[in-house]
Structures are given as structure tokens and as C-alpha cells.
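Welcome, and please have your viewer ready. We will go from one selection to the next, with a short note on what you will find at each stop.

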Amino acid sequence: MKEADLVVSFLTRDQGRLRGVAKRARRPKGGFGAGLERLSHVRMAYFQRETRELVNLDSCELIRSQFDLASDYWASVALDYFAEVSEQMLPAAEANERFFRLLLTVLECLRPAGGAQDAGRVWRAVTYFSLWAVRLSGWLPELHACLGCGSVLDDAGPDGAPERAFFSRGRAGLLCSHCRRMPGAGNTWELSAESRSIAVEMLQKPVSGLSVNAWGQSTGADLRRFLVQQIEEHVERRLLTAPILEAVA
Ligand SMILES: [Zn+2]
């Protein structure tokens, strides 16, 4: 490869995540333009040889760039997060059309609807993406039962409040307040009843139909921590973008 060439990771609707070489892409008139920018939605022309891991990129035609989000710090961090999670989670060359559509959906969510200021849209989009990325990969554990004793976590306790639920790194599921005190449970964090109901709703409704409208960084933060831990457990490494996203604004 030459210095002006670029190795690009890209997600296709029909063949999953691929890697290719874009010849002369670093040159000013390389012909790829903004098409190779992070999470640009493009129509890509490429050539696949059976014997090579890398495909050859011929050209790409821009459908939508994310350039208009670059000036919004949190939206920009969210883009980094979407790209990192997709790169780490998706196996190479395995079609996953639903994941492709998930990305299109959350990219749309990052844009303020009708020009209205909606600062919470980033957190809504990131939470929705995290939940569905884990779900589509088949890694989403049972959210309604304790992993230790099997008790139902939605049931109201003696005080009328729902049973509390806790999670910990390396455990694929939730624990009730009794089981979290058992030896070996390790450090645990609480997954609030509010966040559990957000998760249930997100699995049933499109992101535009969610009942919680006033989102902030703290909304669903425990749910995102839980989901990030599930992702990190499966990809066997820490996500670089996750702590940036959860740093206090
Ligand atoms: Zn239990």
C-alpha cells in the first residue's frame, strides 16, 4: 500500500462489516471526498477478491454526511461511540440488516426535530442504540428476574415499590437486593426501576414514541453503564468512548 492510501472499515446492508483499501484517498482529489468520514451514509462501489481480506474501494457517493453534527460536542462523542461499538461488536462479513437500520435510526435521532432545541436527544439516542445493539447481538440478559434466586424483579415489595435490581461487571443479568449481599457478588450498581421501564419501552416502541421526553445525561445512565459492561464483557476490552460519554457535562 502507498502512503496516500487509506484502510477503511465500513458497514454494508447486505454483507455486514467489511474492510477495504481506498487508493489515493488521502490526496486532495482522491475522489472519495466526505464519503469516508466517520459514519457517512454512502453508496459504495467496491471490488471483492475471494483470496483477500481487504476489498478494493472504487468510489463512493454521499447520501448523508454527519458533518452538520460536528459542532455539537455531545452529538460528536455519540458518533464516536456508535462507530466504536459497531466496529467492536459486529463480526466481519456477516450480514446484519437490522443493525444497519439501527444506525440509520439513531443518526436521525441525533438531529433536533424541526429545529427545536432538544438537548436530551443525544442521551435518548445513545441509550436506545446501546440497548438494541446488545439485543441484536443476542447478549441482552433477562431483565425481569434475579439471576441468583429467580425472584421476579417487577413485583412490588411490602412498601409497594418494585423490587430493587443490581448488576455487576462480568455477570450477565441482575440480582435482587438479597442476592447482591451473598458472598462473591462483588461490586454492584443499582439499575433503577425507572431505567428498567425505559428499557422495556425501548424494546417495544420506536424511539420517536417513547413516553419520557425530558431526557438529560442522568436519564438512563445506570442502564447505559449496565449495557456498556455487557458489551465490554463480550468484546473482551474496554470501550474508549464510554467514559467520555459519561463524563459530567
Ligand atoms: Zn435473588
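**Before you start**

You are looking at a predicted model, in which local features need pLDDT of at least 70, side-chain atom pairs count only at pLDDT 80 or more, and totals for chains, interfaces and linings use all residues. Residues are numbered from 1 along each chain as its sequence is written, and side-chain values use heavy atoms, with hydrogens and water left out.

**Stop 1**

Select β1 (6–12) and β3 (41–47), the edge strands, each of which pairs on one side only. They belong to an open sheet with the order β1-β2-β4-β3 and mixed pairing. Strands here are DSSP runs of E with at least two residues, helices are runs of H or I with at least four, and both are numbered from the N terminus. Two strands count as paired if DSSP finds at least two bridges between them. From one strand to the next, the twist averages 40 degrees.

Zoom in on Ser9 and you will find Arg19 of β2 opposite.

**Stop 2: a helix on that sheet, and its partner**

Select α2 (residues 97–109), which packs on the sheet and touches β1, β3 and β4 (55–64); contact means heavy atoms within 4.5 Å. The direction of α2 makes about 100 degrees with that of β1. Axes are lines fitted to C-alpha atoms, for helices over the stretch in contact, and angles run from 0 to 180 degrees between N-to-C directions.

Next, bring in α1 (residues 73–89): its axis and that of α2 come within 11 Å and cross at roughly 175 degrees. That makes α1 roughly antiparallel to α2 (the term applies to angles over 145 degrees). Show the side chains of Leu79, Phe82 and Ser86 in α1, together with Phe99, Leu103, Val106 and Leu107 in α2, to see the residues that make the contact.

**Stop 3: a loop residue**

Which loop holds Ser71? Ser71 lies in the one between β4 and α1. With 71% relative accessibility, Ser71 counts as exposed (over 50% relative accessible area, 1.4 Å probe, protein chains only).

**Stop 4**

Finally, select β6 (175–176) and β7 (189–191), the edge strands of an open, antiparallel sheet ordered β6-β5-β7. Strand β5 (residues 165–167) pairs with β7 over 3 bridges, and Ala165 stands opposite Leu191 in β7. Across β5 and β7 lies helix α5 (residues 221–235), running at about 115 degrees to β7.

Technical notes:
Parallel < 35°, antiparallel > 145°, perpendicular 65-115°, else oblique. Buried < 20%, exposed > 50% of the residue type's maximum accessible area, 1.4 Å probe, protein only.
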